[in-house]
Amino acid sequence: MREYERNIRKVEPYVPGEQPQNKVIKLNTNENPYPPSPKVAKALAEMDTDRLRLYPDPACTALTEALADFYHVNPDQVFVGVGSDDVLSMCFLTFFNSKKPIFFPDITYSFYKVWAELYRIPYECQKLDGDFRLVKEDYYKENGGVIFPNPNAPTAIYEELDAVEDIIRANQDVIVIVDEAYVDFAGRSAIELVGRYENLIVVQTFSKARSMAGMRIGYAIASPRLIRYLNDAKYSFNSYTMNQAALICGVEAVKDREYFEEGIHKIVMTREWAKGRFEKLGFRFLESNANFIFATHPEYDAGELFEALKENGIYVRYWGSERIEQYLRITIGTREEMETLFGFLEKYVGRRKTGQC
Ligand code: PMP
């Protein structure tokens, strides 16, 4: 090791899913298979590029107000960032500064561990039970903060709001972050609890239900007090996190509630239909309330199936890590993409059964 390397902050980075540039059936990073609202396309086409000479609004006023309107909260309860990854990272930096460990599930969004390591935050993973459910009592112990996604990723399991509230209620001396990247496909959001719990932060994204992963917009909704702390951290880091195009397009997307709801409906219908197809092929999966399914097959190795799918231009996500080594996470695509997936799986399962491979 070079002498100067002793003082370098070393981290094991998060590994994002592959983003192949050729045309494949992409069911590996939980993007939305449909385009964003046509109002977004229109706003982009009509954007005044002369405006790009100037810095964007550091307070992101128009987007913050549009979100406040949509969720029936005050604009001082909204914070926006460059995707929810940016918002979550800022939350870790701002709110998790205790010497006590923060808690999150052992099987969850792997970025939590990366941010904890990056910011030197002690953490302790709480084990999901045998059915991959959150054990809420595990979060009643003393801690330095709590974060979990609902629905959880990669399991897709949604915990009812009562259980979420129990965890928040038991942790009023620390900050509790509920990462709701997938909640639009699930059920009630914890946003309705924000008025009652000053220590709660709900984080959501435009990447999934609003089909804008490429635009990078995320947001947090919380008490004005916590939003002020988040803004202080942001302005100490980078005043202009959100670019002009994202601010304009974000507003248009939020305003188009009808398109948003139709899009969710299409994906939920495809998901429910896909569950039946997976079942017929002998797959087992956890009850999904997200835009993906976490599935395993008792007779086929997940790693081998992952490779076979990839060779055939179908990308899904596979980790091969402890407790989930036999699981694949499969994003819900369009009906046509899913038909192609099932066409391949039917052949794969059939061929293997007759010993032809
Ligand atoms: N939280 C969870 C649970 C996720 O799965 C993702 C997507 N990878 C994110 C947050 C971040 O999404 P984005 O930064 O695109 O908003």
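Let's begin with two strands: E9 and E10 (residues 292-296) pair in the antiparallel sense over 2 bridges. Strands (E, at least two residues) and helices (H or I, at least four) are DSSP runs, numbered from the N terminus, and two strands pair if DSSP finds at least two bridges between them. Within E10, Ala 295 is the bridge partner of Phe 285.

This is a predicted model, in which local features need pLDDT of at least 70 and side-chain atom pairs count only at pLDDT 80 or more, while totals for chains, interfaces and linings use all residues. Residues are numbered from 1 along each chain as its sequence is written, and side-chain values use heavy atoms, with hydrogens and water left out.

E9 and E10 belong to an open sheet of 3 strands in the order E9-E10-E12, with antiparallel pairing. E9 (284-285) and E12 (328-331) stand at the edges with a single partner strand each, so one side of each has no neighbour in the sheet.

## The largest pocket

How much space lies in the largest pocket? About 1,200 Å³, where a volume is the space filled by probe spheres set on grid points joined across faces, edges and corners. On a 1 Å grid over the protein atoms alone, a pocket is an open set of points where a 1.4 Å probe fits, with protein on both sides within 12 Å along at least five of seven lines; lining residues have an atom within 4 Å of a point.

The lining has 44 residues, and Tyr 14, Tyr 109, Ser 110, Phe 111 and Trp 319 lie nearest the centre. Helix H3 (83-95), strand E3 (102-105) and helix H4 (111-118) each give two or more residues to this lining.

## Two crossing helices

H3 also meets helix H6 (residues 224-235): their axes come within 9 Å and cross at roughly 100°. Axes are lines fitted to C-alpha atoms, for helices over the stretch in contact, and angles run from 0 to 180 degrees between N-to-C directions. That makes H3 roughly perpendicular to H6, a term for angles of 65 to 115 degrees. On the H3 side, the contact (heavy atoms within 4.5 Å) is made by Met 90, Cys 91, Thr 94 and Phe 95.

Most peptide bonds are trans, and most residues other than glycine have a negative phi. Yet the bond from Asn 150 to Pro 151 is cis, with omega near -5°, and the bond from Ala 153 to Pro 154 is cis, with omega near 10°. Cys 60 is not a glycine but has a positive phi of about 50°.

Note on methods:
Parallel < 35°, antiparallel > 145°, perpendicular 65-115°, else oblique.
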